[in-house]
Amino acid sequence: MHVVYPAVVAALLFSIGVYGVLARRNTILVLMSVELMLNAVNLNLVTFDVWLRDQLHGGQVLTLFVIVIAAAEVGIGLAIVLAVFRNRQSIDLDRLRDLFEPPNSSDPDGSQPAATKVTTGVGPE
Amino acid sequence: MNTITAPAIEYLQLAPLLIVFGAGILGVLVEAFAPRYLRRAMHIPLTLLSLAGAFALVIVQTIKGVPTKPSAMGAVAVDGPTLFIWGTILVLAFISLLLLNDEDHFVPAASAVPGSAEEERALIEGNVHTEVYPLALFAIGGMLLFPASNDLLIMFVALEVMSLPLYLLCGLARRRRLLSQESAMKYFLLGAFSSAFFLYGTALLYGYAGSVDLAKISTALSANVGQDALLFTGAALLGVGLLFKIGAAPFQAWKPDVYQGAPTPVTALMASGTLVAAFGALLRVFWVAIGELDWDWSPIMWGVAILTMVVGAILAITQTDIKRMLAYSSIAHAGFLLVGVVAIGDAKQNATALAAILFYLAVYGIASIGAFAIVTMVRDAGGEAWHLSRWAGLGKRSPKLAGLFAFFLLAFAGIPLTSGFFGKYAVFQAAVAGGAVQLVVVGVVASAVAAFFYVRVIVLMFFNDPAPDGPTVVLPSWGTASVVGFAALATVVLGVFPQPVLDLAQSAAGSLFVR
């Protein structure tokens with residue numbers, strides 16, 4: 001099989017992943033799209049490994065590393081998603097808008113926007 | 001059937017890395033087996049001693065002589081620049097850990113909803129997440145490995161080892177919890193997105209060169225003619241991943257959000273350590289692996305440097321949040337550093353530019369930790385006084401603190417007699433020698449714009465009347481006080497008498513990166 005076919009499939013998968021990250025608003029789906037991008041990379045690495053007849057199988061070794069690290073990444077990502085969901089009952093990315101550029105901020109003496117809304121943390125004051 | 005020969009590992013050269021990672025693993029064991037009341041008391045000496053020990057080993061290594069070829073079968077390059085960067089990162093990590101060490105930056109129970117019964121219980125029992133110490137150690141270990149990695153596989157592993165703990169640390173702020181978790185989420189999603197780009201670039205370069213070794217990629221440049229599509233796409237995607245980590249302009253969006261939301265000690269660690277590590281890795285990829293291609297990448301880097309400086313300096317003016325403003329200032333500084341990256345030429349020119357970048361990284365890292373340390377000390381009822389208007393008149397209430405903060409801001413602006421001046425001067429001088437005069441002109445204009453908003457904060461602190469219900473300045477713990485003291489002292493000494501460190505940077509850079 002010519003090397004172009006798997007390389008093109010990998011490029012398409014990667015593009016689908018990029019589209020998913022940019023277009024999806026659900027955090028879990030964005031996470032899945034990132035995984036899709038990583039799997040496209042894996043496909044690419046294995047393809048090149050076979051194509052180059054790499055004696056040391058650098059591509060396959062790198063693929064194993066990518067799989068392990070992707071798993072670790074999903075673990076941490078889901079933990080963060082869970083913490084956000086517990087506090088907000090929503091994992092919609094469009095509603096994560098507390099960190100934003102101030103709308104009208106040329107005067108530093110202006111009012112404090114949303115100061116009361118965001119001080120939900122606890123602690124002895 | 002071939003016999004397998006064991007790889008030769010130079011353990012002494014890698015000892016700083018091994019100590020930091022080993023202490024991280026010990027920290028995990030402490031978490032698992034030590035009783036809760038003992039954990040903090042065990043973590044603090046373990047963490048600080050391992051960092052100090054690693055720093056001592058770096059010095060031993062420097063005195064013994066810099067290795068001339070990569071260690072661990074060519075996977076990790078412990079050369080002059082790496083040793084300088086290691087020393088810098090270890091100092092920065094040590095002082096940001098003193099800051100992190102303070103009692104009340106982190107949440108008592110990260111999984112509990114604010115205001116819930118679980119949270120109350122955790123507060124009453126006085127729980128703390130002592131996991132932050134091993135997490136920070138793993139992040140620091142990743143920071144050490146990232147600029148030292150001599151092949152793209154190690155570089156990717158180091159990138160993730162550095163980033164994954166930082167994602168978690170960002171979400172653990174005690175106050176303004178929603179912001180903190182939101183910043184962790186944004187950092188995580190964008191970081192994972194960018195590391196996917198980094199990996200795709202790695203895969204394409206592997207297809208081009210048949211190896212992920214930086215030196216082999218460099219030799220393949222002259223051998224494999226006619227596969228330019230793979231090479232250019234791969235190098236561009238790799239560059240996207242690296243530029244994201246330093247927060248250069250089209251990829252800077254995460255920086256203000258994350259710096260604002262993360263607990264301030266973690267922000268200090270990111271603003272200094274991550275920037276230093278990522279610049280080391282960026283330099284290694286662009287100068288070693290695709291250094292021969294500088295005619296192709298330097299126009300793009302010019303554009304990125306200009307955009308970064310302009311975006312950082314101009315958007316900082318409109319900020320009202322103190323940490324957000326410092327984040328934009330960090331973006332502008334990344335732009336100034338990129339001016340040095342572009343100044344590539346013959347070996348002597350490269351050494352000058354590299355020395356300038358190393359010096360700049362060291363002084364900027366120290367000053368930014370000092371500034372963030374002061375941010376932790378100015379408190380409102382709801383935590384840190386983040387809004388700039390709350391800082392009005394601080395100079396009249398606590399002149400010492402405001403004076404120190406003003407001093408750090410002047411160092412960022414690059415006023416003479418502060419270390420920032422010599423950093424900027426060295427980088428711009430190297431860039432002029434490298435023929436990037438127009439870039440330096442843009443850089444100087446951008447620093448003038450940046451100086452405007454630094455001075456605006458100083459004016460706000462010293463010439464405005466304090467609000468009647470203004471923020472209080474907490475009495476700093478010994479850790480915070482020593483961080484501020486050290487950072488201020490280093491900024492003054494390096495501003496008046498920079499020669500020893502400049503010489504050190506020059507001798508570190510003289511040998512350039514090994515291949």
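Of the 515 residues of chain B, 66% count as buried, where buried means under 20% relative accessible area, exposed over 50%, and partly exposed in between, with a 1.4 Å probe and protein chains only. Before I continue, please note that this is a predicted model, in which local features need pLDDT of at least 70, side-chain atom pairs count only at pLDDT 80 or more, and totals for chains, interfaces and linings use all residues. Residues are numbered from 1 along each chain as its sequence is written, chains are lettered from A and ligands numbered from 1 in the order in which they are written, and side-chain values use heavy atoms, with hydrogens and water left out.

Let me begin with chain B as a whole. Its secondary structure comprises 20 helices and 3 strands; helices (H or I, at least four residues) and strands (E, at least two) are DSSP runs, numbered from the N terminus. The radius of gyration of chain B is 22 Å, close to the 24 Å that the globule rule gives for 515 residues, so chain B is as compact as a globular protein of that length. That radius is taken over C-alpha atoms, and the rule is 2.2 Å times the number of residues to the power 0.38. Along its principal axes, the C-alpha trace of chain B spans about 70 × 55 × 40 Å.

Contacts, meaning heavy atoms within 4.5 Å, come next. In chain B, among contacts between residues at least 6 apart in sequence, 81% join residues at least 24 apart. The accessible surface of chain B is about 17100 Å², and 71% of this belongs to carbon and sulfur atoms; such areas come from the Shrake-Rupley method with a 1.4 Å probe, and for residues only the protein chains shown count as cover.

Ser71(B) lies in the loop between α2 (36-64) and α3 (80-100) of chain B. Is Ser71(B) buried or exposed? At 0% relative accessibility, Ser71(B) counts as buried. Leaving out residues up to four places away in sequence, Ser71(B) touches Glu10(B), Gln13(B), Leu14(B), Val76(B) and Val78(B).

Ser218(B) belongs to helix α8 (residues 214-223) of chain B and is buried, with a relative accessible area of 9%. Apart from its neighbours within four places in sequence, Ser218(B) contacts Val288(B), Ala289(B), Glu292(B) and Arg515(B).

Ile458(B) sits in helix α18 (residues 437-463) of chain B. Its relative accessible area is 14%, so Ile458(B) is buried. With neighbours within four places in sequence set aside, its contacts are Ala406(B), Leu409(B) and Leu410(B).

Chain A has 4 helices and 0 strands, in the pattern α-α-α-α along the sequence. Of its 125 residues, 43% count as buried. Chain A exposes about 7000 Å², with 65% supplied by carbon and sulfur atoms.

Finally, the interface. How many residues of chain B are in contact with chain A? There are 64, and they meet 63 residues of chain A. The size of an interface is often given as the accessible area lost when the parts come together. Here the area buried between chain B and chain A is about 5400 Å², of which carbon and sulfur atoms give 70%; buried area is the accessible area (1.4 Å probe) that two parts lose on being put together, summed over both. Met185(B), Tyr200(B) and Tyr206(B) supply 13% of the area that chain B buries against chain A, more than any other three residues.
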